[in-house]
Amino acid sequence: MTGSPHTVLAGNSVRLVMLKVLVALIPGIVAHAWFFGPGIWVSLLLCTLLGVAFEALALLMRGYPLKPFLSDGSTVVTAWLLALSMPTLAPWWLYAVGMLFAILVAKHLYGGLGQNLFNPAMIGFAVLLVSFPVYMTQWPAPVELASHTPDLIESFDLVFAGQGAVSPDAYTTATPLDLLRTQRLAGDEVGGIMAQPAFGVVGGTGHEMVVLMYLLGGLLLLNYRLITWHIPVAFLGTIAVTAGVLQFLDPTNHPDPLFHLTSGGAMLAAFFILTDPVSASATPRGKLIYAGLAGFLVVMIRNYGGYPDGVAFTVLIANMAVPFIDAYTQPRVFGHGRKEKGK
Amino acid sequence: MRKLHAFNGGVHPEGHKGESTGRPIETMPLLPRYVVPLRQHIGEPARPVVKPGDRVLRGQLIGQPEGYVSVGVHAPTSGRVLAVEPRPVPHPSGLADLCVVIDSDGEDRTVETAPLDWRAMDPSALRNRLREMGLAGLGGAVFPSFIKLNPGARRHIPILILNGAECEPWITCDDLLMRERAADILAGAEIMRHMLGTEEVLVGIEDNKPEAIAAMTAAAGGRGVEVVAIASLYPGGGGKQITYTLTGRVVPAGGLSTDVGVQVFNVGTAYALLRAIRDGEPLVSRIVTVTGHVVRPGNFETRLGTPVADLLRAAGGELPDATGQIIGGPMMGFGLMDEAAPITKSVNCVIVKNAALFPAAPAPMPCIRCGACARACPAELQPFELYWYARTRDFGKTQTYHLFDCIECGCCSYVCPSHIPLVEYYRFAKSEIWSREHEKQAADQARERHEFRAFRLEREKQEKAEKLAKKASERLEGGAVAAEDPEAARKKALLQAAIAKAQKAKEAVRPKNVDNLPPDKQREIDAIEARRAQAGQAEQAAETEAKR
Amino acid sequence: MLSAILVMAGIALVLGGVLGWAAIRFRVQEDPLVEKIDAILPQTQCGQCGYPGCKPYAEAISKGDADINRCPPGGEEGVKRLAELLGVEPKPLGEGLEHKPKSVAVIDEALCIGCTLCIQACPVDAIVGAAKQMHTVVADECTGCELCIQPCPVDCIRMEVIHEDIANWKWRYPVIPLKKVA
């Protein structure tokens, strides 16, 4: 007995979906390499290889066939998202720990592809953030502001052999969000802080261009119809509104909405991380609530929390709320309940 | 220009209509043998009224409608009944079902037919005639038409929709019928309009059939019928979908289109209705598309009961490397298990597969909740949630997610990037729920009957005891009359009161197991009684025979 | 010290009172256990469990007198559901009991002598007929308990397995081997 439909299917596949996501990430990656140096290639490559290795290991242990699941591309997407979220030029084992948690714990302990409650990349990122906070603050400095930018060979050396000839101070720096947080804690006013060169035009030198490219990639995803407008619009919109209200109430302590939108992981999360279908809400209304919750939390953590950027944690908290949100936001089914009109 | 409404989702599978529209409808030659299933419609199967050896004429009733939701079945040609036995039928299970096998005598003589004067006939009598003439929806669901043509006492049905959308790929039988017999279809619709008391008649045709639209529009002139071209979007021909597209009315869940004042008929049904009424001819043939990997794809006027193998032969036979057949369209149809299975009222298309046109589905991957299925679902369901619960056999949850609103159109499976056979899960869950419901009813019934039996036994015991007591008291009475004992008289009165009370109770609770039987059961018992009487006579005869 | 004790005692009293009131006020009327067990049993009334019907068996289970694996018509599935309800481990069917496919009794009408013994044996009154008259089984009501077979003096009753046909056919669970079958 063969089930219907019996026909050439729509030509959609998990691999194709993942491939399109990877394509949409490319503008951001290129911008990253351009503005922060070629170190990103090393971390992308490393994370991809580690991801595939861990995935293969997990599949073997669980008795699943390797070929369809290794080639579905989901591991590569997780690897790239983690690599793009992490500081480049960190020691290799840091990536290894991150990918280990992402693939083995967040993905396969929950049942593998399609079963994970949390975004694997964000689990890996969050584990690193709480376990190795020092490494997670050594971000590559923008080429424009750095006294030295390691080339590709040097980047390999730094990642695999640790210290190179140059002191890390020459090529790493704090992100604008880090700077903002530490200097605000020291009592400085936002206006003064943000006048520094690291802050660039809106969201930090270098960062703002990468973010712009992520936005471009996100529009590509929308065009591919892989994501709907709900999550990015609700997420970015809530960030803007929350940040706007805070700035209106107390401008000396809160940066402007545009800065929030263009710094840290907000844009990447809006189009690539929060929209991971497996861990995101799936109903239209649910997506608005889910992404709105995440947007609100991002601004709250950035302004009042213990971390400079709250994206990883907000994503995980929002993921946690998904089953609940989905259960209560089921859309109306054709032929059901038209009563909301009259009464 | 009519304002059209777009339903949610839908997909655009490749049409493949051109393969079978090249030639006009051909009439199948007379075959030496037909296999006519008695279950060709939704509802109770027809009861065979012929036995092996009987001679039948074309159009003669061979299966009597049984129960309300049922229609008649007729001989497709004249000949002799060879057998009434289970034979393979076109069904996803591949199981056999009761069929009347008719050996054709080659003369194709017909029963006497007379047109029905439908304007003068009492509506109820007219419907009964249609029931007997075997009319059922030819769009695929084969629901008895006489029921759908009953507007009911209180319902007013202002809109009649003729469904000529034919949204499934490959199928073209309605297209060809509309091209060639547009006037007849509309004449049939005229009768439907009369029976339903409808004001507005709309014909919905997908815009990938310009010839059919032109033919129908030309024929519709002056009849007050509006032919509407609708966008080609599968499943635009679904009853609820076409109702919404043309009228904007939403058929309530679990309800019928008549709940919103619309009745929908397939164009083929309208044509069959005209044949039944104008020519007095019962439903013994239909148009079937044969397409795909065959030599001469096309449409054939095919007698019901024609084995699929013979129909394929009429289309020039399968090309080399065929990989089986599909009954119905590729989106909702099912694989045929046995080419000996006949064409029935529900079979609108036979597609011969090959590896290129119908590749095996890729191996499924886990669901990634991407939501493509929800975007494609015309019923606005959340297919991935339904899948999740159907897969884990959480049938209660599948119902909270409205499993029974699923129309099994296959859009979700079609777009699924993980290639999950979603519809198969829903069908599994649905039939499992139905069967459990059925089992539970049976168990409840058994419990009730068992409890009643216990009650009956108890009551019988009591009655016996009372009878004994009565006898005893009678004896007592005989001895006591002379004594005129006031004490005895009082006892007697008490006893009589008790007996009266018991009798009253007995009357109140009549045994339920043989009374008030439903008619079918009563009939079953009667039939058995009759057989027994016969058997008894036979036995007696045998005995007398032996004695001689 | 004393006042602290008094306060605590007071709080305890008040809360206890509220809880007690709530327990009575918002009491959920539950089916008694017997009913719940009975609802799981298949109502075949065959007595294979050693009790004269499903209800007595349910009562015995709820009292702890009977094991949960005594019902062959319910099969493994039934045992599993009983185990779930009672919070115990499921176990295989008891010794000498086996699950048979669902069947109905059929009386060979040519042989029947009309003795009414089967009518008396039938636990659900599914056999109709009268003394010296041939009997017949109402198939829809028959639970397949086989209790009528043994009493028949002429052995004219047999069990017929209910075969799958188009009317009772069910769609199968789709088999998709995601995992390698070793």
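Me: How many residue pairs are in polar contact across the interface of chain B and chain A?
Reply: This is a predicted model, and across the interface of chain B and chain A there are 12 residue pairs in polar contact, both residues of each pair being at pLDDT 80 or more.

Me: Which elements of chain B supply at least two residues each to the side that touches chain A?
Reply: They are helix H6 (239-247), strand E16 (334-335), helix H10 (383-391), helix H12 (411-415) and helix H13 (422-480) of chain B. The largest share of that side, 4 residues, comes from H10(B).

Me: And how many salt bridges are there between chain B and chain A?
Reply: The count is 2 salt bridges. In one salt bridge, the side chain of Asp326(A) meets that of Arg369(B), at 3.0 Å from N to O.

Me: What area do chain B and chain A bury between them?
Reply: About 3,700 Å² is buried between the two chains, and 60% of this lies on carbon and sulfur atoms. On the side of chain B, the residues that lose the most area to chain A are Met365(B), Ile368(B) and Arg369(B), which together make up 18% of what that side buries.

Me: How many residues does each chain bring to the contact?
Reply: Chain B brings 51 residues and chain A brings 40 residues.

Me: Now chain B by itself. How many helices and strands are there?
Reply: Chain B has 15 helices and 17 strands. It has 548 residues, of which 53% count as buried. Taking contacts between residues at least 6 apart in sequence, 72% join residues that are at least 24 apart. The accessible surface of chain B is about 24,400 Å², with 54% of it belonging to carbon and sulfur atoms.

Me: Let us pick one residue there. Is Asn266(B) buried or exposed?
Reply: Asn266(B) counts as buried because its relative accessibility is 12%, and the cut-off for buried is under 20%. Asn266(B) is part of strand E12 (residues 262-266) of chain B.

Me: Which residues does Asn266(B) touch?
Reply: Leaving aside residues up to four places away in sequence, Asn266(B) touches Leu138(B), Gly139(B), Asn163(B) and Asp174(B). With Asp174(B) there is a polar contact of 2.9 Å between the side chains.

Me: Over to chain A. Why is helix H9 described as largely enclosed?
Reply: Helix H9 (residues 176-185) of chain A has 10 residues and 7 of them are buried, so the rest of the structure largely encloses it. The buried residues are Pro176(A), Leu177(A), Asp178(A), Leu179(A), Leu180(A), Gln183(A) and Arg184(A).

Me: What covers those buried residues of H9(A)?
Reply: The cover includes strand E1 (139-140), helix H10 (190-193), helix H11 (207-224), helix H13 (257-262) and helix H15 (284-304) of chain A. Just after H9(A), Gly187(A) has a positive phi of about 105°.

Me: Last topic: which domains does the assignment give for chain C?
Reply: It gives domain 1 (33-86) and domain 2 (101-163). Their C-alpha centres are 24 Å apart.

Me: What area is buried between those two domains of chain C?
Reply: About 340 Å² is buried there, with carbon and sulfur atoms giving 61%. Of the area that domain 1 buries against domain 2, 89% is supplied by Thr44(C), Gln45(C) and Cys46(C), more than by any other three residues. In this contact, 4 residues of domain 1 meet 6 residues of domain 2.

Me: How many salt bridges are there between these domains of chain C?
Reply: The count is 0 salt bridges, while 1 residue pair is in polar contact, with both residues at pLDDT 80 or more.

Key:
Residues are numbered from 1 along each chain as its sequence is written. Chains are lettered from A and ligands numbered from 1 in the order in which they are written. This is a predicted model: local features need pLDDT of at least 70, side-chain atom pairs count only at pLDDT 80 or more; totals for chains, interfaces and linings use all residues. Side-chain values use heavy atoms; hydrogens and water are left out. Buried means under 20% relative accessible area, exposed over 50%, partly exposed in between (1.4 Å probe, protein chains only). Contact means heavy atoms within 4.5 Å. Accessible areas come from the Shrake-Rupley method with a 1.4 Å probe; for residues, only the protein chains shown count as cover. Domain bounds come from an automatic or database domain assignment. Buried area is the accessible area (1.4 Å probe) that two parts lose on being put together, summed over both. A salt bridge is a side-chain nitrogen of Lys or Arg within 4 Å of a carboxyl oxygen of Asp or Glu. A polar contact is a pair of N or O atoms within 3.5 Å; within protein, one must be able to donate a hydrogen and the other to accept it, and residues adjacent in sequence count only if both atoms are side-chain atoms.
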